Amino acid sequence: MNYREDLEFQLQKITLAIQEVVKANYITDKIRQARIRKLINFQKAIIDKGRELRIDLEAA
């Protein structure tokens, strides 16, 4: 797996994790928002890393 594929895979995992947190009924809104905020920060970091390496991420 090359670096581009690795970043795309990580981005897909983060996107799925965000969807799971949004659908989770067992957590409070405050916890849900905090988790989504952290996941979005990870997502932005992955996209920024791709831009830094001049990689066009298709999953973004």
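Let's start with a pair towards the end of helix 2: Asp-48 and Arg-51 both sit in that helix, three residues apart, which is about one turn of the helix. When I say helix, I mean a DSSP run of H or I with at least four residues, while a strand is a run of E with at least two, and both are numbered from the N terminus. These two side chains form a salt bridge, with the closest N and O atoms 3.8 Å apart. The rule there is a side-chain nitrogen of Lys or Arg within 4 Å of a carboxyl oxygen of Asp or Glu. As for cover, Asp-48 is partly exposed, with a relative accessible area of 43%, and Arg-51 is exposed at 60%. Those words have cut-offs: buried is under 20% relative accessible area, exposed is over 50%, and partly exposed is in between, using a 1.4 Å probe and protein chains only.

Before I go on, a word on what you're looking at: this is a predicted model, where local features need pLDDT of at least 70 and side-chain atom pairs count only at pLDDT 80 or more, while totals for chains, interfaces and linings use all residues. Residues are numbered from 1 along each chain as its sequence is written, and side-chain values use heavy atoms, with hydrogens and water left out.

Okay, the overall picture. The chain has two helices and zero strands, and its C-alpha trace spans about 40 × 20 × 15 Å along the principal axes. Of its 60 residues, 25% count as buried. Residues 24 or more positions apart account for 64% of the contacts with a separation of 6 or more, where contact means heavy atoms within 4.5 Å. The accessible surface comes to about 4800 Å², and 51% of that belongs to carbon and sulfur atoms; that's Shrake-Rupley with a 1.4 Å probe, and for residues only the protein chains shown count as cover.

Now helix 2 itself, residues 29–52. How far apart are its end C-alpha atoms? They are 34 Å apart, which agrees with the 34 Å that its 24 residues should span at 1.5 Å a residue. That expected span is 1.5 Å times one less than the number of residues. The buried residues in helix 2 are Arg-32, Ile-36, Leu-39, Ile-46 and Gly-50, and what covers them includes helix 1, residues 3–23. After helix 2 comes Arg-54, which has a positive phi, near 60°.

Arg-32 counts as buried because its relative accessibility is 15%. Setting aside neighbours within four places in sequence, Arg-32 is in contact with Val-21, Val-22, Ala-24, Asn-25 and Ile-27. The side chain of Arg-32 also meets that of Asp-29 in a salt bridge, at 2.6 Å, N to O. Asp-29 and Arg-32 are three residues apart in helix 2, so about one helical turn separates them. Asp-29, for its part, is exposed, with a relative accessible area of 53%.

Over in helix 1, Arg-4 and Glu-8 are four residues apart, again about one turn of the helix. Their side chains meet in a salt bridge at 3.4 Å, N to O. Which of the two is buried? Glu-8 counts as buried, at 15% relative accessibility, whereas Arg-4 is partly exposed at 32%. The count by our rule comes to four salt bridges, and I've shown you some of them.

Ile-55, in the segment after helix 2, is buried at 18% relative accessible area. Beyond its neighbours within four places, Ile-55 is in contact with Tyr-3, Arg-4, Leu-7 and Gly-50. Ile-55 and Glu-8 are 47 residues apart in sequence, but 9.8 Å apart C-alpha to C-alpha. Then there's Lys-49, in helix 2, which is partly exposed at 30%. Not counting residues up to four places away, Lys-49 touches Tyr-3 and Leu-7.
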